[in-house]
Amino acid sequence: MKTLADVFREALREKGIESLGVLSKRFRKSRNKLQDVAVEIINGKGAIFRVPEKTVVAWDLYGKRVEGSHYAYAPLCMMEKFEPVLTPEELRSRLPDWPYFIIDLYHWGRHTQKEKGKVCLQVSQSYGLLRDYFTGRELAVTWANEEFRRMFNGPLDRITAYEGPTAEFLAEKEIDEVVLLDPWADEVLSEEDFDVKAFIIGGIVDTGGTKKKTTPKIGEGLESAGIKVRRRKIVLRGDVVGVPDRINRILGIILKMMVERKSMDEAVYEMQEPLHARWRLRKELPKRAIRYKVDGKTYRVVEKELFDYYSSWLKIRWEDFVKVLRELDLIALERKRIHHLNKISNTRIINGKLYRVILLKKAAMLCYNC
Ligand SMILES: C[S@@+](CC[C@H](N)C(=O)[O-])C[C@H]1O[C@@H](n2cnc3c(N)ncnc32)[C@H](O)[C@@H]1O
């Protein structure tokens, strides 16, 4: 899917423009210059002009620094002075039909004040993400009441804050089918789902675990209003555990899959924080534990080398690995030491569980998390 920067680049190319400058110090620190300039144009702040003298600083259409250019971004008040070559109206007319990304605040009233603050922050971060790919105006917040508007610190005028129900907003936009991002769904989100005109994310922050299974309720509400709802989950290697559940991170995963064409696992990895990775590691490591009984005492041991394996798909550092080992009361030993222990032990089933039993006083051979 095209980004706004792609649309802008195409428009400039068609006009024979291969480089672009600015008449001020703006955008010099921007990491995605074309995108940032284009957003300003879309928001009606400026346009591209032909300037008589080359600008001091300029970039090619991929953001690489080049010698000055005869084309520059400047505020709209320069219209009298210079010849405009790409105006906000023209760029707007070229925009594709990007889908809406709706954050549904139906459950707003169930949040504590602190959680409401977090919802607002995540909505604001979601706007920032969409602005990096599209224009930011694709973000809609439904059931956006007075309190939300008061608490929201982001640019209210650049998003759609819709006071009414999501179904009503969809009807106004003539959208009758949506994808609801739902961790409780049976089906996994896939490329085939990227044809819908709206994605819905629950505007839910659940710090106290009091809003379990609230996302499916959003889907039920929409279905009863006649909307076709595709409930889809995001998973990491087949499991929702380890998928960051913050609203903006869910949006980031969708955008990475949809625009950057990343696989779901890659997208989740990129949006993951060590906190989420540790959730998953807590689930994974016990599956790899070997039980030893040494002089009657039980030790659960995993290979130290597993860190390399897990850190290839979970955002963990060594300290996260050690933290989870400690929490689970597991010991990490090098593979070669485990092989040695296996040689000097006998396997036994005790109370239905497999143990490797070492009768001799070999406890000294075990070293805690070394
Ligand atoms: C913090 S979650 C709230 C989950 C809520 N406690 C529940 O049990 O339904 C916020 C939103 O992120 C989205 N989300 C979180 N994890 C997801 C996953 N693994 N797959 C799809 N959507 C997810 C959903 O739209 C959800 O409403």
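Q: If angles under 35 degrees count as roughly parallel, over 145 as roughly antiparallel, 65 to 115 as roughly perpendicular and the rest as oblique, why are α1 and α2 called roughly perpendicular to each other?

A: This is a predicted model, in which local features need pLDDT of at least 70 and side-chain atom pairs count only at pLDDT 80 or more, whereas totals for chains, interfaces and linings use all residues. Residues are numbered from 1 along each chain as its sequence is written. The axes of helix α1 (residues 4-14) and helix α2 (residues 33-42) cross at roughly 85° and come within 8 Å, where axes are lines fitted to C-alpha atoms, for helices over the stretch in contact, and angles run from 0 to 180 degrees between N-to-C directions. The two helices, α1 and α2, are therefore roughly perpendicular. Helices (H or I, at least four residues) and strands (E, at least two) are DSSP runs numbered from the N terminus.

Q: What makes the contact of α1 and α2?

A: From α1 come Leu4, Ala5, Phe8 and Arg9, and from α2 come Leu34, Gln35, Ala38 and Val39, a contact being two C-beta atoms, placed from the backbone, within 7 Å. By class, this contact has six nonpolar, one polar and one charged residues, with Ala, Val, Leu, Ile, Met, Phe, Trp, Tyr, Cys and Pro counted as nonpolar, Asp, Glu, Lys and Arg as charged, and the others, Gly among them, as polar.

Q: Why do β9 and β11 stand at the edges of their sheet?

A: The seven strands of this open sheet are ordered β9-β8-β7-β12-β10-β13-β11, with parallel pairing, and two strands pair if DSSP finds at least two bridges between them. Both β9 (160-162) and β11 (187-188) have a single partner strand, so one side of each is left without a neighbour in the sheet.

Q: How do you know that β7 and β8 pair?

A: Four bridges join strand β7 (residues 100-104) to strand β8 (residues 139-142) in the parallel sense, and Ile103 stands opposite Val141 in β8. Helix α4 (residues 113-133) packs on this sheet, touching β7 and β8, and its direction makes about 155° with that of β8. Helix α7 (residues 215-224) also packs there, touching β7, β10 (177-181), β12 and β13 (228-233), at about 165° to the direction of β13.

Q: Which strands are the edge strands of the five-stranded sheet?

A: In the open sheet with order β16-β15-β14-β18-β17 and mixed pairing, β16 (331-333) and β17 (346-350) each pair on one side only. Within this sheet, β14 (residues 290-294) and β15 (residues 297-303) run antiparallel and are joined by five bridges, with Ile290 opposite Val301 in β15.

Q: What surrounds the ligand?

A: There are 20 residues around the ligand, the closest being Leu181, Pro183, Gly202, Thr215 and Ile234, and a residue is near a molecule if its C-beta atom, placed from the backbone, lies within 6 Å of it. Two or more residues of the shell come from each of β12 (198-202) and α8 (247-258). By class, the shell has 10 nonpolar, three polar and seven charged residues.
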